[in-house]
Structure formats: C-alpha cells, structure tokens
Amino acid sequence: MIRNPKDLTRYDAQERANHWLVGICFILLALSGLAFFHPAFYPLTQLFGGGVWARILHPFLGVLMALAFLVMFFRFKSLNVMTPADKEWLSRAGEMVSGNDHNMPEQGKYNGGQKAMFWAMALCMLLLFVSGVFLWRAYFNLPVDVVRLGAVVHSAVAAIMIAMIFVHVYAALWVRGTVRAMVYGTVTRAWAKQHHRAWYRQVTGKS
Amino acid sequence: MALQSLDIARRSATTTPAPGVRQTTEVAKLIDVSTCIGCKACQAACMEWNDIRDEVGVNHGVYDNPIDLTAKSWTVMRFAEVEEKGKLEWLIRKDGCMHCADPGCLKACPAPGAIIQYANGIVDFHQENCIGCGYCITGCPFNIPRISQEDNKAYKCSLCSDRVAVGQAPACAKVCPTGAIQFGSKEQMKDYAAKRVVDLKMRGYDKAGLYDPAGVGGTHVMYVLHHADRPELYKGLPNNPSISPLVSLWKGIAKPVATVAMAAVALGSLFHYVMKGPNEVSKELEDELEKEEK
C-alpha cells in the first residue's frame, strides 16, 4: 500500500478511534461472553484473569461499548439511509458474493449491504444492552422471568452479532484496499471508483 | 463441599463424564409439614453445623425470621395462615434447597465444577469455582440460591453433604424435636411419607399427599402436605415446578445451534476467499486513474 497524496480520506482520526474503541470492546465482550455461553469456550476466561474477573469486567465493557457505539451511530446515521439504489444492490448481492461485481449499481459512501449491516448492528446493540442490564446481578435485581428472557435474548443476539462481525471483518479483508480506510484513513482513487463510484464522483468532482 | 469425589453424577459446565465409579444410595430428606411446630431448631442447627451466623435482622411483624433465605441463612421457616373449612390453619414450611433430580441451577451454571450433583442426589455448590454470575438463581425453579454481598459467591443448603458422606443425617433432621424432618434413603422416605399420608387422610385431610414434583425429576427434599393439591398455600410452594422453558432453550439447544452457526459463518468466509479469491481493484481502472493523475 503506497501512500499517495491523491488518496481519498474515508475516515478521519476521530471516526477511526471511535470505531476501534467499539471494535476492541466487542472482541473482549465476545471472548468473555462466549465463555459463559458454552463450556467449550470457558478457558477464554483465562484471558481476563479467570472466571470471576471475566464476570466482573464483561458488563462494564458492555456499557463502554454501548456508549461508544451510540456516538458512532449518530456519526454515521445519516450516511446509512437506504435508497432505491441500495435496495437494488441488495437484491443482486448474490452476484457480488460470487465474485462478479461489474454490473452492480453505482454506490455512494456505503453500499446496501453495509447499510443493512449498520442498522442490524444498531438493533443488536440495543437488544444486547437492554438484555445485558437484565442479567447484571451485581447492580440489578429484576424478576426472575425478566432475567430468563434477558438470558435468551442476550445469547441469541450475541451469537447473531458475532456472526455479523465475522461477515463485517471478512468483507473488509476480501475487498482489497479496504482495511487501510479504518487503519490510517485513506483509500486509493481506483478503489473508490470501483466500489463506491457515486462517492468517488462526489468527493473528486470527476465523472 | 464434601470429601466425596468418586460419586459425581453431574458437574456444571462439563461436557465429559465426571468421576462416578462409586455408586451410593439415593437419599432424601422428608419434611412432614403436618408435624412441624415452627420451633426453628432446624434453622439454629443449620447455622451451628455450618458455622455461619447471619446478621441479626429486624422483626417484620410476622414469625418468619429471617424474612427470607440469605447467603448465610440456608433454611427458613415460612409461616402461612390460611382458612380451610372455616378453621384457621397455621401452615409452617421449612424452605430451602429441594435438591432436584434435574437441577435448574446446575443446568444454568457456566463455571465448570461450581455445582455438583452426587450419585446420592445431593446438589452441592463448590464456591471456590463459583464466579458469582447468579445464573443458578436464574435457573432455579424454587428461588433458592443467594449471592453473598461479601464474597459474591452463591450459597444454599448443602443437605449437609459433609455429614451425609460419613453416614450422618443432616443437622436439621438430627435436631428436629418432633421428628418432622426425617432422613434416609429416598425409598424409605417415600414409604414413611405414605404412612403419614394415610394417617392424615384418616384425620380428614382428604388431599394429603407427598410433594416430590415430577417436573424436576423428583426432589431429594420432599414434603408431606395436608393439602397436596394446593402446594401454593404453603407460602408459594410451586405447583408442578420445572426448569423454565427459557432456561432450557438458553442452556440447551441454543448452545450447539449458535456455536455451529458462528463456526459456519467463519469457515464459510474462509472458504469463500479460497474459492473466489480476493476482490481486487481492476487493473484497467488503476491504469486509467494513474494516467489521469499524471
């Protein structure tokens, strides 16, 4: 990756820091949460100093992630409004996945898949936060049926969220030249023109 | 925690068999509510044998004292005043862990070895493995375990597993002055209960019966009730308790399904890369823009 003054800025420093704060929290939460979910993952508690520390830290990390995500949500919300072109993109996502992206409709800063992911993650975050509070026995003592419902919702949504993050990370790795946008902020013009042509035209003024 | 270790029937958050070569007789404690006088000797004996003293609380205007189970009070007498056929009945139930054959606490517990079920039926908490999450409370159909505010470990009645391991009856059974608390093999206790039920029926309690709820696979603490058709009269003893379907879902099918789904997405991504290759910016576009930039 050669850095070129002509490269386009996709994320500024604050946006990147915000994203990685959420990302680090998520990784730690997934590792500690999985440990409580299935015995096969229990050894992951060792990463946190044992089961008791994992139990203590998990909810505080959750609150931090929820706050950081809330800021990120308002940062990127207006960029993620679905348009007819996005729906068209989504209806043809199969072509994209099969490696043939030549006929995909022109996309702005985010494509339909990214936008769908954004809203799905926002919903998951909300559900995880609320159900997580139900389970936080150190500070909340809710009726047992509420806690039971919270446990089911929390683990089901967490599993969905982990799967979505796999897709999120994989998509960034699969589409070459993407990770750098979230690491030092820029992408090449060719990358922008190929994957987000409307955004490319908007920021460069070229056709 | 007891010294037994070769007679473990089930161990929390453990997917392989626990040491279980030693088979022991299934035991049970039988609490005959109809002969209990509410003296609380069982509560005192429990404190004494386990050597735990709860804080002295306040009187809530009722006989229940302490008012609820705590991490330091593993059994409490619950006093209910009900009117039956125009007569006042004082129903006194010794509350505490029921030692379910299918324990919801053990099913819910995420910490390996924090909850043990012995072959004799006793469900015991091993606090040194407890992480203090409270999932046992979420799993319990009887609302028994309590988390200590001091050490954040869960506590409950151990059925004096240490005494039982050396052939002694639990402290509460040993001390009960009216014989309302009996202890022995589960079969013996059922036989004893049957006799008590016959006696109660002769004395006009048509619905007298044994409380050994099948929904949790039976329990190793059983009650003889004068009104076995309405256990809820006894300060909310659940009628037909079972592990909540939500807990069964959470700690049952959800575990393999979610694990396989997550693994499938991760592996699917890897194989997608291997089979389809990376999505690179096309060479033509790169050349075109390079030309433009010059």
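In this predicted model, the C-alpha centres of domain 1 and domain 2 of chain B lie 56 Å apart. Domain 1 of chain B covers residues 8-243, and domain 2 of chain B covers residues 253-293. The mean pLDDT of chain B is 95, with 99% of its residues reaching 70 or more. For the model there are two further scores, an ipTM of 0.92 and a pTM of 0.93.

Let's look at a sheet in chain B.

Strand β2 of chain B, residues 27-32, and strand β11 of chain B, residues 221-225, pair in the parallel sense over four bridges. Here you can find B:Lys29 standing opposite B:Val221 in β11(B).

Next, let's see where chain B meets chain A. On the chain B side, 39 residues are in contact with 35 residues of chain A. The elements of chain B that give two or more residues to this side are α3 (135-139), α7 (245-250), α8 (254-276) and α9 (283-293). Which of them gives the largest share? That is α8(B), with eleven residues. Sorted by class, the chain B side has 23 nonpolar, eleven polar and five charged residues.

Finally, cross over to chain A and find two of its helices, α2 (residues 51-76) and α5 (residues 112-135). Their axes come within 10 Å and cross at roughly 150°, and the crossing of α2(A) and α5(A) is left-handed. What residues make this contact? From α2(A) come A:Pro59, A:Gly62, A:Ala66, A:Phe69, A:Phe73 and A:Phe76. From α5(A) come A:Phe118, A:Ala122, A:Met125, A:Phe129 and A:Gly132. By class, the contact of α2(A) with α5(A) has nine nonpolar residues, two polar ones and no charged ones.

Note on methods:
Residues numbered from 1 in each chain as written. Chains lettered and ligands numbered in written order. Predicted model: local features only at pLDDT ≥ 70, side-chain atom pairs only at ≥ 80, totals over all residues. Contact = placed C-beta atoms within 7 Å. Nonpolar A, V, L, I, M, F, W, Y, C, P; charged D, E, K, R; others polar. Domains from an automatic or database assignment. Pairing = 2+ DSSP bridges. pLDDT = per-residue confidence, 0-100. Axes fitted to C-alpha atoms, helices over the stretch in contact; angles between N-to-C directions. Left-handed = near helix turned anticlockwise from the far one by under 90°.
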